[in-house]
Amino acid sequence: MDKLCKTARGLDVFFRVLFWLAVALGAVMLIADIAVLAGAGTNNGESFHWLVTLDANGTAYSMADAAADGLPGTFIALSVLFLLSLAFGLWVLHVIRQLLRPMKEGRPFESAVSQSLRQLGWMAVAYGVLEVIVTAIAQFVLTRALNTTGAALDIGYDLTWLLVAVLLFLFSYIFRYGEELQRQADETL
């Protein structure tokens, strides 16, 4: 049991650091977005080509190009999509930390664990659906805004999320059975 607690504590520290790195990334992106919008008419956003890009007919266009071409609405729409994706990722990290909380205390068969696993399973399903939608919207908005012809929308159909969701649901049922066994063992003592 000591090893479980120690591992859960280590994982909790890792996910806490990852959470705050993601928050910092979001803050940097927000500041970069504001800088691009503020300087859209002056420097053409040339220093911000590292943001989201679209390759159309061998020419790379970026979000900064959209802002520089007088399309701040497009730029804002793409920034909002990024922030929503980041918020979803932060929510997932929060649920993972909730999952680890009882394990850090040496109670792996508490009801919060199976509930968190089930919630993560539904998040995996939501991620699979949202990934396709957000990617399609971002590519469509950028293609329309830059008025590029011949740009193909590249929407992948990776079903890894479905496998992850199924595994999380199965683990949820396993832990729920463990909770029942733990409750029965506690009652007999």
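# Close-up views of a predicted model

**Figure 1. Leu-90 is in contact with Phe-19, Ala-22 and Val-23, leaving aside its neighbours within four places in sequence.** Contact here means heavy atoms within 4.5 Å. This is a predicted model: local features need pLDDT of at least 70, side-chain atom pairs count only at pLDDT 80 or more, and totals for chains, interfaces and linings use all residues. Residues are numbered from 1 along each chain as its sequence is written, and side-chain values use heavy atoms, with hydrogens and water left out. Leu-90 has its place in helix 3. Helices (H or I, at least four residues) and strands (E, at least two) are DSSP runs, numbered from the N terminus. Along the chain, Leu-90 and Ala-22 are 68 residues apart. Is Leu-90 buried or exposed? Leu-90 counts as buried, because its relative accessibility is 18%. The cut-offs are under 20% relative accessible area for buried, over 50% for exposed, and partly exposed in between (1.4 Å probe, protein chains only).

Figure 2. The chain has five helices and two strands. Read along the sequence, they follow the pattern α-β-β-α-α-α-α. Of the 189 residues, 35% count as buried. Take the contacts between residues at least 6 apart in sequence: 70% of them join residues at least 24 apart. The chain exposes about 11,500 Å². Carbon and sulfur atoms supply 67% of that area.

**Figure 3. The largest nonpolar core has 22 residues.** In soluble globular proteins, nonpolar side chains tend to be buried together. A nonpolar core is a set of buried Ala, Val, Leu, Ile, Met, Phe, Trp, Tyr and Cys residues joined through side-chain atoms within 4.5 Å. Val-113, Leu-117 and Leu-120 have the most contacts inside the largest core. Helix 1 (2-38), helix 3 (72-104), helix 4 (111-145) and helix 5 (160-188) each supply at least two of its residues. Helix 3 gives the most, with nine residues. Which residues does Leu-120 contact, leaving aside its neighbours within four places in sequence? They are Val-92, Val-95, Ile-96, Leu-99 and Leu-168. A second, separate core has five residues, among them Leu-78, Leu-81, Val-141 and Leu-142.

**Figure 4. Leu-100 and Ser-116 are two buried residues.** Leu-100 is found in helix 3. Its relative accessibility is 6%, so Leu-100 counts as buried. Not counting residues up to four places away in sequence, Leu-100 touches Ala-8, Leu-11, Asp-12 and Phe-15. Leu-100 and Ala-112 are twelve residues apart in sequence, and their C-alpha atoms are 9.6 Å apart in space. Ser-116 is found in helix 4. With 5% relative accessibility, Ser-116 counts as buried. Ser-116 touches Val-95, Gln-98 and Leu-99, again not counting residues up to four places away in sequence.

**Figure 5. Aromatic rings form pairs.** A pair of aromatic rings is described by the distance of the centres and the angle of the planes. Rings of Phe, Tyr and Trp (its six-membered ring) pair if their centres lie within 6.5 Å; planes under 30 degrees apart count as stacked, over 60 as edge-to-face and the rest as tilted. By this rule there are five aromatic pairs. One of them joins Phe-19 and Trp-20 edge-to-face, at 5.2 Å centre to centre and 90 degrees between the planes. Phe-19 is buried, with a relative accessible area of 19%. Trp-20 counts as exposed, at 52% relative accessibility. Trp-122 and Phe-169 have ring centres 5.1 Å apart and planes at 65 degrees, so this pair is edge-to-face. Trp-122 lies in helix 4 and Phe-169 in helix 5, so the pair ties together parts that are 47 residues apart in sequence. Trp-122 is exposed, with a relative accessible area of 55%. Phe-169 is buried, at 19%.

**Figure 6. A nonpolar patch lies on the surface.** Its members are Leu-159, Leu-162, Leu-163, Val-166, Leu-167, Leu-170, Phe-171, Tyr-173 and Ile-174. Together they have about 870 Å² of accessible area. Areas come from the Shrake-Rupley method with a 1.4 Å probe; for residues, only the protein chains shown count as cover. Patches are made of residues with over 30% relative accessible area and no salt bridge: like charges are joined within 9 Å, nonpolar side chains (Val, Leu, Ile, Met, Phe, Trp, Tyr) within 5 Å. A salt bridge is a side-chain nitrogen of Lys or Arg within 4 Å of a carboxyl oxygen of Asp or Glu. Leu-167 has its place in helix 5. At 40% relative accessibility, Leu-167 counts as partly exposed.
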